Amino acid sequence: MDVSRRQFLSIGSAGVLGGSALGFDLTESVRIKQRLRIEGATLSHSLCPYCAVGCSLIAHTKKAANGKTELLHIEGDPDSPVNEGTLCPKGATSLQLAVSRRRVPHPLYRAPGAAEWKQVSWEFALDRLARNIKASRDATFVAQDADGNVVNRCEGVAFAGGAAFSSEEGYLATKLMRGLGLVHLEQQARV
């Protein structure tokens with residue numbers, strides 16, 4: 001049976017309401033179920049990657065039978081002075097960044113004019129990306145402005161750094177992009 005997140009939430013809400021209507025409260029059983037799921041798990045502290053607020057997360061992980069570490073649950077850190085255990089809707093679903101059956105685990109490529117995507121290697125995808133950046137840079141590079149001043153800038157490529165960047169990663173990305181001559185830069189790095 002394939003149940004979407006929205007269907008699951010409506011079933012869960014209906015179940016809790018139905019249970020309450022029958023005279024018993026399912027809240028405690030839901031809490032026990034969750035506690036059993038994460039019992040014995042390793043707690044790791046992290047930050048939400050979605051924006052620059054920097055909400056603290058607690059990730060519950062456990063070694064699976066095959067030896068791999070399995071991410072079981074993510075919740076807000078109640079000891080964080082930033083979010084005090086709360087998370088926005090995006091942060092509350094951050095588990096799906098790592099564990100989602102809809103996540104694409106490999107690069108896909110759709111050739112110009114093609115109607116279908118095809119699976120390609122990371123080597124192919126990164127090589128294609130590098131070639132496209134170089135072609136855009138070469139086509140839009142401005143060596144001098146209208147007054148004859150040397151500017152050496154690329155006006156055809158922009159870069160936006162993610163909120164998951166640390167300050168050091170943001171610094172490195174900015175240096176790399178400036179090295180390419182980019183002038184359209186934006187960062188959401190934490191400071």
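The model is predicted, so a word on ground rules: local features need pLDDT of at least 70, side-chain atom pairs count only at pLDDT 80 or more, and totals for chains, interfaces and linings use all residues. Residues are numbered from 1 along each chain as its sequence is written, and side-chain values use heavy atoms, with hydrogens and water left out. The protein has six helices and eight strands; these are DSSP runs numbered from the N terminus, with helices being H or I of at least four residues and strands E of at least two.

**Overall layout**

- Starting at the N terminus, the elements follow the order α-α-β-β-β-α-α-β-β-α-β-β-α-β.
- Of the 191 residues in the protein, 19% are buried (under 20% relative accessible area with a 1.4 Å probe and protein chains only; exposed means over 50%, and partly exposed lies in between).
- The accessible surface is about 14,000 Å², with 57% of it belonging to carbon and sulfur atoms (Shrake-Rupley method, 1.4 Å probe; for residues, only the protein chains shown count as cover).
- Taking contacts (heavy atoms within 4.5 Å) between residues at least 6 apart in sequence, 37% join residues at least 24 apart.

**The S1-S2-S3 sheet**

- Three strands make an open sheet in the order S1-S2-S3, and their pairing is antiparallel (two strands pair if DSSP finds at least two bridges between them).
- Strands S1 (42-47) and S3 (69-76) are at the edges with a single partner strand each, so one side of each has no neighbour in the sheet.
- On average, neighbouring strands here are turned by 30° against each other, direction ignored (axes are lines fitted to C-alpha atoms, for helices over the stretch in contact, and angles run from 0 to 180 degrees between N-to-C directions).
- Six bridges link S1 to strand S2 (residues 56-63) in the antiparallel sense, and threonine 42 stands opposite threonine 61 in S2.
- Helix H2 (residues 27-38) packs on this sheet, where H2 touches S2 and S3 and makes about 135° with the direction of S3.
- H2 has 12 residues and spans 17 Å from first C-alpha to last, close to the 16 Å expected at 1.5 Å a residue (1.5 Å times one less than the number of residues).
- After H2 comes glycine 40, which has a positive phi near 80°.

**The nonpolar core**

- Cys48, Cys55, Leu57, Ala59 and Ile74 are the five residues of the largest nonpolar core (a set of buried Ala, Val, Leu, Ile, Met, Phe, Trp, Tyr and Cys residues joined through side-chain atoms within 4.5 Å).
- Leaving aside residues up to four places away in sequence, alanine 59 touches Thr42, Leu43, Ser44, Leu71, His73 and Ile74.

**The S6-S7-S8 sheet**

- Another open sheet of three strands has the order S6-S7-S8, with mixed pairing.
- S6 and strand S8 (182-186) are the edge strands, each with a single partner, so one side of each is left without a neighbour in the sheet.
- From one strand to the next, the twist averages 25°.
- Strand S6 (residues 141-144) and strand S7 (residues 150-160) run antiparallel and are joined by three bridges.
- Across these two strands, phenylalanine 141 stands opposite cysteine 154 in S7, and valine 142 has arginine 153 as its bridge partner.
- S6 and S7 form a hairpin with five residues between them, and glycine 148 in the turn has a positive phi of about 85°.
- Helix H5 (residues 122-140) lies across S6 and S7, at about 140° to S7.
- Helix H6 (residues 167-179) also packs on the sheet, touching S7 and S8, and its direction makes about 155° with that of S8.
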